[in-house]
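Please open the structure in a viewer and keep the selection tool at hand.

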Amino acid sequence: CADTSADFIVTVNPQPTVLTSPVTACGTADLTAPAVTTGSTGGLTFTYFTDAGATITLATPAAVTTSGTYYIVGDDGACTDTASVAVTVTPQPSEVTTAGGPLSFCAGGSVLLSETSATGATYRWQTGGVDNGTTTASYSANTSGTYRVIIENGVCADTSADFIVTVNPQPTV
């Protein structure tokens, strides 16, 4: 006697590919941004992890505040692929800009505006929203106008509050 066996249908699903680009961000990195996984197999559902074994879920993948290596798993419903992504988060510079005197004074006077808290930063002072060429931590304002400083630490920038300086004409007796 002969017996025919049942047919077996074997399906081999293509392996999806997760490709990542390094992320450099100011203050907070968003690993869910499409640019992070550009070039990956289309239609994947992504999950985010803090370990290579993909066992510790990253709680806030859209708001990563710590530099390091993270892992993204792409799932097409049948197969998965895992890729690492290098994340560099630069802290937002904090600024404390102070005026060393009154912002309103008579012609011939000045007020020293100073930035005191940004370590390792570069400075760009502006008058009326236009860079005025001063790149030090302090600026001596002696004309009427709106002054501010932009503090940069390579990736991030912060802008101080505006200082409105008024130079009053010298009275004549």
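This is a predicted model: local features need pLDDT of at least 70, side-chain atom pairs count only at pLDDT 80 or more; totals for chains, interfaces and linings use all residues.

Arg148 belongs to strand β11, whereas Asp162 sits in the loop between β12 (157-159) and β13 (163-168), so the pair ties together parts that are 14 residues apart in sequence. Arg148 has a relative accessible area of 24% and is therefore partly exposed. Asp162 is likewise partly exposed, its relative accessible area being 40%.

Next, select Arg124 together with Asp131 and Glu152; a network of salt bridges links these three residues. The side chain of Arg124 meets that of Asp131 at 3.6 Å, N to O. The side chain of Arg124 also meets that of Glu152, in a salt bridge of 3.9 Å, N to O. Arg124 lies in strand β8 (residues 122-127) and Glu152 in strand β11 (residues 145-152), so this pair ties together parts that are 28 residues apart in sequence.

Arg124 counts as partly exposed at 29% relative accessibility. Asp131 is partly exposed at 41%, and Glu152 is partly exposed at 27%. How many salt bridges does a search of the whole structure find? The search finds three.

## Nonpolar cores

Now select Val23, Ala29, Leu31, Val64, Tyr70, Val85 and Val87. Among the 16 residues of the largest nonpolar core, these touch the most other members. Which elements give two or more residues to this core? They are β1, β3 (68-75) and β4 (80-90), and β4 gives the most, with four residues.

For a second, separate core, of 13 residues, select Phe105, Ala121, Tyr147 and Phe163, which are included in it. In soluble globular proteins, nonpolar side chains tend to be buried together.

Return to Leu31 and display its contacts. Leaving aside residues up to four places away in sequence, Leu31 touches Val23, Val36, Tyr48, Leu58, Pro61, Ala62, Val64, Tyr70, Ile72, Val85 and Val87.

## A threonine in a loop

Finally, select Thr37, located in the loop between β1 (23-26) and β2 (45-49). Is Thr37 buried or exposed? Its relative accessibility is 12%, so Thr37 counts as buried, the cut-off being under 20%. With residues up to four places away in sequence not counted, Thr37 touches Leu19, Phe46 and Ile72. Ile72 is also one of the residues that Leu31 touches.

How values were computed. Residues are numbered from 1 along each chain as its sequence is written. Side-chain values use heavy atoms; hydrogens and water are left out. Buried means under 20% relative accessible area, exposed over 50%, partly exposed in between (1.4 Å probe, protein chains only). Contact means heavy atoms within 4.5 Å. A nonpolar core is a set of buried Ala, Val, Leu, Ile, Met, Phe, Trp, Tyr and Cys residues joined through side-chain atoms within 4.5 Å. A salt bridge is a side-chain nitrogen of Lys or Arg within 4 Å of a carboxyl oxygen of Asp or Glu.
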